Every structure is written in structure tokens, then in C-alpha cells.
Amino acid sequence: MSIHRYGTIALLGRPNVGKSTLMNRIIGARVAIVTPKPQTTRHRILGIYTTDRAQMVFVDTPGIHRGRQQLNRNMVRVAYAAAEEADVLAIMQDASRPLDTMTSQLIERFAENHLRQPRVHILNKVDKIEKSLLLPRLQAVQALDPEAKAWIPLSARKGTQLDGLLKTLEQWLPEGEAVYDAEWFTDQSQRQLAAEYVREQVFLAMHQEIPFQTAVDVESFTEDDDGRLHIEAVILVGSESHKPMLIGKRGAGMKRIGSAARKGLQTLLGRPVDLRLWVKVDSNWFDHPMKLQDLGLGGNIE
Ligand SMILES: Nc1nc2c(ncn2[C@@H]2O[C@H](COP(=O)(O)OP(=O)(O)OP(=O)(O)O)[C@@H](O)[C@H]2O)c(=O)[nH]1
Ligand SMILES: [Mg+2]
């Protein structure tokens, strides 16, 4: 009989490199929100992939970046804490851009902190790159971290090379039995998913600093006898001037956000959803440790 493996794989890298896209692809469901804007992911999110041979728990993390606000610092802390706990470190970058300094910074930091887990480098977005540029970029990452176990170019969006990635990752996981039920694919509650799906639509609809100063708090989440979910959520904005921009003419902006989030949730959860949204101004919530804690953004990973 072959060995059964179980373990966690931290997906680490700069914002916007495609960590959440890759995890969703592997899991086959939109468990993490994805937008073209950096700093979309704010929490540690698990995506659980189960086969006969292994249970692979992907740990999606916020992109590592510099930011002065408490929210930014907490997000980065979550990413590093996830790295410390993982069995395998998957370091991701955007292959369509020149090699950035983040990969070397990460490797240095892991060495300083004695993190000796196997490392696998992922060069994402190869669908965007001219073929002749890929090989030198791959060689640059290999030269930077020759002790890594693998350097894998792929496209999370197109789903190319995923089998190769999964095979490699599985090989470096420790032996062990599955921990999660085979039907589970994330650790997030439906309530958390609802908040994230609303925030995704806010990120897609809003520009400049508005999305980064927005949070979503689900205030009421109930299920009626027919299985329909009734969700009431507040969108927190960082300044009075953001409120009308979010609401739009005669509430059109909010309607669009609500309708798109509701449809996405219905698809994910496979049940009808009623969603009511409000906007509340709470200036500088993103720089207050206590408020962040209340919103589940305190920087601790449990
Ligand atoms: N062309 C192309 N775009 C991709 C690919 N993977 C992700 N993207 C796009 O890159 C953008 C960022 O993707 P995310 O998955 O949100 O990136 P992330 O690393 O999770 O970002 P943060 O959560 O901000 O750290 C989105 O617009 C994705 O559609 C890919 O393989 N090819
Ligand atoms: Mg993300």
C-alpha cells in the first residue's frame, strides 16, 4: 500500500501574484476572493484538497508588502505566521515581471528564522509572458534559491501545469492521515464567506484608496425553514466622502455590489440568499488595533 500524506502548504509572495487564484483553481471553488487590486486577501484562508493518496491543506495568505497602517502590518504578520506553521513553503511570483526582491527577502528571512521546510517556487502568469523570457526568469529564480525542491512555471488562471505542481508538493508532505472530512474544502464559515464576497465586489467597484479603507461586517446571518439564507452586512468605510461614492446614484452602486455578491454566494453555497447591505462610516478603523480585532483582522491566525 502506498503512503498517505497530510500537510499544509503556505502560499506566500507579494500582493497580486495570484496566490488566491491558484488556490481556488486547485480546490475547484471560489473560497478566496480574487481581484486585480493588490492586498485583496486579508486573512489566512485554508483550501483543502483531498485525494486517495493525500490531504493537502493550502494556506492562502495576504501578500507581503510594506504598509504603515496597523491593518497592513497585521496582514503581513499573518503571512509570516502561516509560513512558520506550514510543512511546505510555496513561494510565488509573477513570471511576467522581472524578478523582484521579495523572493530573495523571503529566503533570507526564512534562513534567519531557521525555517527549514522544503521550498517550492511557483512562477505564475506564464500565459502573459513571451516564451523567450521564461527560461531566463526561471534560471534567475533557480540561481537565487538553488536549494529549493522545485521551480515551477504555470498559469493559475488557465490551470496549466497544476498536475505537476500537485505531484511535487505531495512528495514533500509528511506522512499522515487526513485531518479534515473529505467533503470540506475550506475552514471559513458561510458567514465569513458572505463578508468576503461583499468585499470582493467593493474592491471591484471602487478605486483609489476606497477599497483599502473598506471592511465588511456581517451583523446577522440566519437560515429559514426553506434553507434560504438571510444575511445583513455593514460595509465600513474610512471616511464620510467615500459613502456617496459607494452608494451611487439612487443606490445603484450598492445594488450592483449586493446583487453580484448574492449571486456568487448562491453559486458557492448552492442555496438561495437574501442579502441586505448598509454603509457605515468609521474613520481610521484600519489603524485601530481594537477595531481590527473586532473585525477579525487583528493579525492572529486563529
Ligand atoms: N494572466 C494571468 N492573470 C492571473 C493569473 N493568476 C492570477 N491572475 C490575476 O492576477 C490578479 C491577482 O490575483 P489574486 O489571486 O487576487 O492574487 P493574490 O496573490 O492572491 O493577491 P493578494 O490577495 O492581494 O495578495 C487577478 O486579477 C487575477 O485574475 C494567471 O495565471 N494569469
Ligand atoms: Mg489573495
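Analyst: Let us begin with contacts, which are assigned when the C-beta atoms of two residues, placed from the backbone, lie within 7 Å. Setting aside residues up to four places away in sequence, arginine 199 touches Ile33, Thr214 and Val216. This is a predicted model, in which local features need pLDDT of at least 70, side-chain atom pairs count only at pLDDT 80 or more, and totals for chains, interfaces and linings use all residues. Residues are numbered from 1 along each chain as its sequence is written, while chains are lettered from A and ligands numbered from 1 in the order in which they are written.

User: Is arginine 199 buried or exposed?

Analyst: A residue is buried if 20 or more other C-beta atoms lie within 10 Å of its own, exposed if 12 or fewer, and partly exposed in between. Arginine 199 has 22 other C-beta atoms within 10 Å, so it is buried. Its place is in helix 6; helices (H or I, at least four residues) and strands (E, at least two) are DSSP runs, numbered from the N terminus. Of the 302 residues of the protein, 41% count as buried.

User: Which residues have the most contacts inside the largest nonpolar core?

Analyst: In soluble globular proteins, nonpolar side chains tend to be buried together. A nonpolar core is a set of buried Ala, Val, Leu, Ile, Met, Phe, Trp, Tyr and Cys residues joined through C-beta atoms within 7 Å. Here the largest has 76 residues, and Ile9, Ala10, Leu11, Leu12, Ala90 and Val198 have the most contacts inside it. Helix 6 (residues 190–205) gives the largest share of this core, seven residues. Leucine 12 has contacts beyond four places in sequence that include Thr61, Ile64, Ala79 and Leu106.

User: Which residues come nearest to ligand 1?

Analyst: A residue is near a molecule if its C-beta atom, placed from the backbone, lies within 6 Å of it. There are 23 residues around ligand 1, of which Gly18, Ser20, Thr41, Gly63 and Arg157 come nearest. Helix 1 (residues 19–27) contributes the largest share of this shell, three residues.

User: How many helices and strands does the protein have, and what is its radius of gyration?

Analyst: The protein has nine helices and nine strands. Its radius of gyration, taken over C-alpha atoms, is 20 Å, close to the 19 Å of the globule rule (2.2 Å times the number of residues to the power 0.38) for 302 residues, so the protein is as compact as a globular protein of that length.
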